[in-house]
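This briefing covers selected features of one protein chain. Please read it with the sequence and the model open.

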Amino acid sequence: MFRKIFIPTFLGVMMSLFSMSVPASYAVEKSFQEPVTKVAQNFPEKFETASKNSYAIDVVSTASGEWTFDNAMIGGSDNDAKNGEKSVRMKEKAKLTMNFDIPTGIQQVKLKYGVYQTDEEASFELWVSTNAGKAWMKMGKAIKATNKKLKIVTFEVLTKKPSRIEIRKTDDTENRLNIDDISVVTYSSTVKSPNISTTVQEPILLISKPTRDNNLALGNPSKAVSSTSSPNNFLMTKTSYSLSYNKSKNIANWVSWHLSKAWKGDAARQNNFRADNTLPEGWYQVNPRDYSDTGFDRGHLCPSDDRDGNPEENQETFFMTNMVPQAPENNRGIWKHLEEYTRTLLDQGNELYILAGTLGQGGTGTNGTTKTIGKNNNVVVPATIWKVIVVLPVGDKDVVRINTTTRVIAVNMPNQNSVGAEDWKKYRISVDELERLTGYDFLSNVPTNIQQVIENVVDKE
């Protein structure tokens with residue numbers, strides 16, 4: 001049982017539920033009553049009226065309502081990072097949980113954060129529940145605090161369902177984290193009625209059940225088309241992935257796929273490497289023998305383990321159009337470790353959009369360095385192999401949920417045996433840099449202003 005600490009409070013959040021109905025699409029063009037947003041009542045929460053002097057779990061009444069403090073307390077010393085007299089101080093795997101809903105939903109959460117005194121860095125995440133705390137969804141990526149000076153972070157939540165938030169300290173260390181000035185922007189029940197046509201985004205429904213989504217939902221980076229008039233940027237669409245095939249190189253330029261637990265299962269690895277007979281008539285079909293005794297592996301771009309939901313989908317990953325000549329130590333070491341790490345993100349409540357591809361010519365395998373393999377020396381060995389991974393909490397309408405805090409991992413690894421034992425994190429780059437190297441436009445379906453932020457960052461988690 002929690003002991004409640006009662007402190008005089010203001011009136012609770014009293015807002016009527018705003019609802020609207022739009023067709024099932026990301027956005028529609030029509031005359032519409034556009035929702036007005038406003039800061040939720042009794043926010044920002046500054047914690048100035050609250051008091052809690054220990055880290056023991058307890059319920060605290062504040063100006064905005066009741067919150068559960070778990071491994072958290074109210075800090076008011078000179079060593080606390082704060083804007084005013086008080087802030088929340090958290091340690092280890094602390095949680096700060098809102099025990100009430102914002103009835104009209106949450107568009108945005110903004111807060112200030114810093115580390116206590118001279119403690120080293122601390123990390124935290126924002127989670128949201130739309131069913132009174134029964135299930136939670138992570139918003140964006142973990143945020144890292146590195147010094148006492150308060151910084152501001154904004155999370156785009158975008159749900160009109162009654163919702164509440166939870167702040168989770170994620171580094172599990174004794175380093176202390178301060179949180180202050182939590183502001184919640186909600187959807188108002190008041191609307192304005194413009195007389196002009198406007199673009200309105202459909203409400204975002206956060207869901208806890210993983211789904212299978214479009215493998216090209218975030219965009220077609222090279223604008224590949226399914227036409228033989230574009231032989232070196234030929235779009236091939238399969239159930240398990242989409243790819244751009246290069247006839248002159250006889251390998252893919254890139255492969256794109258969605259990954260969630262909905263794609264996962266216990267189907268056995270099929271191991272049936274085979275030519276892709278869906279290539280246009282007259283095109284050379286690479287077969288497994290083209291890789292025999294070359295010193296290079298038949299390296300998957302879309303991994304077999306990402307498509308073990310059923311045998312048929314697993315078989316699709318063994319088409320030779322999904323293979324590239326990959327240095328064995330690279331394939332079985334550093335690249336495999338990245339694939340395995342990627343799948344661990346599913347267990348953290350995420351779904352992923354992944355692109356993997358090739359760049360340049362000339363790799364170093366077991367038999368040394370070469371530019372081509374195959375019985376006709378017509379299969380190009382790439383110089384590097386790259387990957388882009390977009391990490392989202394499980395949800396719906398994925399493109400419009402991507403915001404400036406969304407985690408994006410990009411790597412570009414030499415296709416060499418010598419890197420096999422290295423850490424994949426060593427080869428992280430920004431998406432902007434990978435676009436410069438490849439000439440592709442990644443995440444092209446994401447709003448430009450958001451691309452400009454997330455594509456400029458090198459992942460550090």
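R164 counts as buried because its relative accessibility of 12% falls under the 20% limit. Its side chain meets that of D101 in a salt bridge, 2.8 Å from N to O. The model is predicted, and it holds 25 salt bridges.

- D101 has a relative accessible area of 25%, so the residue is partly exposed.

**Salt bridge K46–D181**
- K46 and D181 form a salt bridge in which the closest N and O atoms are 3.6 Å apart.
- K46 sits in the loop between β3 (34–39) and β4, and D181 in strand β12 (residues 177–192), so this pair ties together parts that are 135 residues apart in sequence.
- D181 counts as buried because its relative accessibility is 7%, which is under 20%.
- K46, at 33% relative accessibility, counts as partly exposed.

**Salt bridge R343–D305**
- A salt bridge joins the side chains of R343 and D305, with an N to O distance of 3.6 Å.
- R343 counts as buried at 15% relative accessibility, while D305 counts as partly exposed at 38%.

**Helix α2**
- Helix α2 runs over residues 328–344 and has 17 residues.
- From the first C-alpha to the last, α2 reaches 23 Å, which is close to the 24 Å expected at 1.5 Å a residue.
- A bend of about 40 degrees occurs in α2 at K336.
- The buried residues of α2 include P328, N330, N331, G333, I334 and W335.
- Also among the buried residues of this helix are L338, E339, T342 and R343.
- In general, residues three or four places apart in an α-helix point the same way, because the helix has 3.6 residues a turn.

**Loop residue S418**
- S418 is placed in the loop between β25 (407–414) and α4 (431–438).
- Its relative accessible area is 55%, so S418 is exposed.
- The side chains of S418 and Q416 are joined by a polar contact of 3.2 Å.
- S418 and N330 are 88 residues apart along the chain, and their C-alpha atoms are separated by 7.7 Å.
- N330 is one of the buried residues of helix α2.

**Loop residue A63**
- A63 lies in the loop between β4 (58–61) and β5 (66–75).
- With a relative accessible area of 12%, A63 is buried.
- Between A63 and P44 the C-alpha to C-alpha distance is 9.2 Å, and the two are 19 residues apart in sequence.

Methods:
Residues are numbered from 1 along each chain as its sequence is written. This is a predicted model: local features need pLDDT of at least 70, side-chain atom pairs count only at pLDDT 80 or more; totals for chains, interfaces and linings use all residues. Side-chain values use heavy atoms; hydrogens and water are left out. Helices (H or I, at least four residues) and strands (E, at least two) are DSSP runs, numbered from the N terminus. The expected span of a helix is 1.5 Å times one less than its number of residues. The bend at a residue is the angle between axes fitted to the seven residues ending there and the seven starting there. Buried means under 20% relative accessible area, exposed over 50%, partly exposed in between (1.4 Å probe, protein chains only). A polar contact is a pair of N or O atoms within 3.5 Å; within protein, one must be able to donate a hydrogen and the other to accept it, and residues adjacent in sequence count only if both atoms are side-chain atoms. A salt bridge is a side-chain nitrogen of Lys or Arg within 4 Å of a carboxyl oxygen of Asp or Glu.
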